[in-house]
Amino acid sequence: DIVLNGKTAVVTGGSRGIGRAIVERLCRDGARVVFGYGSNEAAADEVLRTVADAGGSALAVRADLSDPAQAERLMALADEELGGLDILVNNAAAQFSPTPVAEIELADFDRIFAVNARSVFLTVRHAARTMRDGGRIVNISSAATARAGRGTAAYVASKGALEQLTGVAAQELGARGITVNTVSPGATDTELLLGTVTADILKALPAMTPLGRLGEPADVADVVAFLVGPDGRWMTGQNLRATGGLA
Ligand code: NDP
């Protein structure tokens, strides 16, 4: 479809997993996309090739979002490339190992918050200053915020911060026709999931999910595409749980 023809978008963490599926879907829908990645240039190049083969338009920017200056630089380069912003998807998140609160190192807590929450504040602030009227912001949280899972304190706390920021931004930007929503994936088949859960849990997850399988990145990307497209116009300040029913 070409419902996003003429629209511009920034997607963070667009080189792998769910972010990659979001980039590919938005490009297919006709948007011009700038996406960020942390360090895996080969993965970013692969996404660029896939988009180009499908006739889409994307640019990759390396920016470590744990560094506020690089988060700002990503948005500045996107402005230069795109000439104005209609869609912002904050999808990047730092990989983490499940750790009990008693053992979380301050440096790890800070790194997780810097990538998952502070960088989202910076890109949303940028969008609040510059986004065109009628724009769309989607922040990717996690179904894990609905359930206090052991070992996830720093991660779910950072995602809780992101969800609160989403709600306030929706209130403040609504007058300009800008919608701001959260999408919370359930267990989705990506490297982040594989690095976070044990093999036993991975095997058990499909049976715990009413729809009977792990999510695919595209299952989540399609929900994001709904929110950022014309059909999402009446949705703001919401948290859409794209989980296959996983509680
Ligand atoms: P992946 O680990 O597969 O991909 C993460 C992406 O973020 C990569 O493009 C990576 O780039 C980028 N990234 C990581 N760290 C940084 C950084 N410091 N600076 C800039 N970019 C960075 O993650 P998923 O696709 O699984 O997750 C996407 C989103 O979905 C996240 O917000 C996650 O919390 C959420 N989510 C995922 C679930 C799942 O089951 N997979 C469940 C619930 C929520 P690079 O490779 O270059 O580092």
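**View 1. Ile18 is a buried residue of helix H1**. Ile18 counts as buried because 31 other C-beta atoms lie within 10 Å; a residue is buried if 20 or more other C-beta atoms lie within 10 Å of its own, exposed if 12 or fewer, and partly exposed in between, with C-beta atoms placed from the backbone. The model is predicted: local features need pLDDT of at least 70, side-chain atom pairs count only at pLDDT 80 or more, and totals for chains, interfaces and linings use all residues. Residues are numbered from 1 along each chain as its sequence is written. Helices (H or I, at least four residues) and strands (E, at least two) are DSSP runs, numbered from the N terminus. Leaving aside neighbours within four places in sequence, Ile18 is in contact with Asn91, Ile140, Pro185, Thr188, Thr190, Pro217, Val220 and Ala221, where contact requires C-beta atoms, placed from the backbone, to lie within 7 Å. Ala221 is 203 residues from Ile18 in sequence, yet their C-alpha atoms are 6.6 Å apart.

**View 2. The largest nonpolar core contains 63 residues**. A nonpolar core is a set of buried Ala, Val, Leu, Ile, Met, Phe, Trp, Tyr and Cys residues joined through C-beta atoms within 7 Å. Val11, Ile22, Val23, Leu26, Val33 and Val224 have the most contacts inside this core. Helix H5 (residues 153-173) supplies the largest share, 7 residues. Beyond its neighbours within four places in sequence, Val224 is in contact with Ile22, Val89, Val138 and Val183. In soluble globular proteins, nonpolar side chains tend to be buried together.

**View 3. A shell of 33 residues surrounds the ligand**. A residue is near the molecule if its C-beta atom, placed from the backbone, lies within 6 Å of it. The closest residues are Gly13, Gly17, Gly38, Thr190 and Leu192. Helix H1 (17-28), strand S2 (32-37) and helix H6 (191-196) are the elements that give two or more residues to this shell. By class, the shell holds 15 nonpolar, 15 polar and 3 charged residues; Ala, Val, Leu, Ile, Met, Phe, Trp, Tyr, Cys and Pro count as nonpolar, Asp, Glu, Lys and Arg as charged, and the others, Gly among them, as polar.

**View 4. Helices H3 and H4 pack at an angle of about 35 degrees**. The axes of H3 (residues 68-82) and H4 (residues 106-130) are 9 Å apart; axes are lines fitted to C-alpha atoms, for helices over the stretch in contact, and angles run from 0 to 180 degrees between N-to-C directions. The contact involves Pro68, Ala71, Glu72, Met75 and Asp79 of H3, together with Arg118, Ser119, Leu122, Thr123, His126 and Thr130 of H4. These comprise 4 nonpolar, 4 polar and 3 charged residues.

**View 5. Gly30 lies in the loop between H1 and S2**. Gly30 is partly exposed because it has 17 C-beta neighbours inside 10 Å. Apart from neighbours within four places in sequence, Gly30 is in contact with Ile2, Val3, Leu4 and Asn5.

**View 6. Thr50 lies in helix H2 (residues 41-53)**. Thr50 is partly exposed, with 15 other C-beta atoms within 10 Å. The C-alpha atoms of Thr50 and Glu24 are separated by 7.8 Å, and the two residues are 26 residues apart along the chain.

**View 7. Arg233 is found in the loop between helix H8 (217-228) and strand S7 (239-242)**. Arg233 is exposed because 12 other C-beta atoms lie within 10 Å.

Methods
Two residues are in contact if their C-beta atoms, placed from the backbone, lie within 7 Å.
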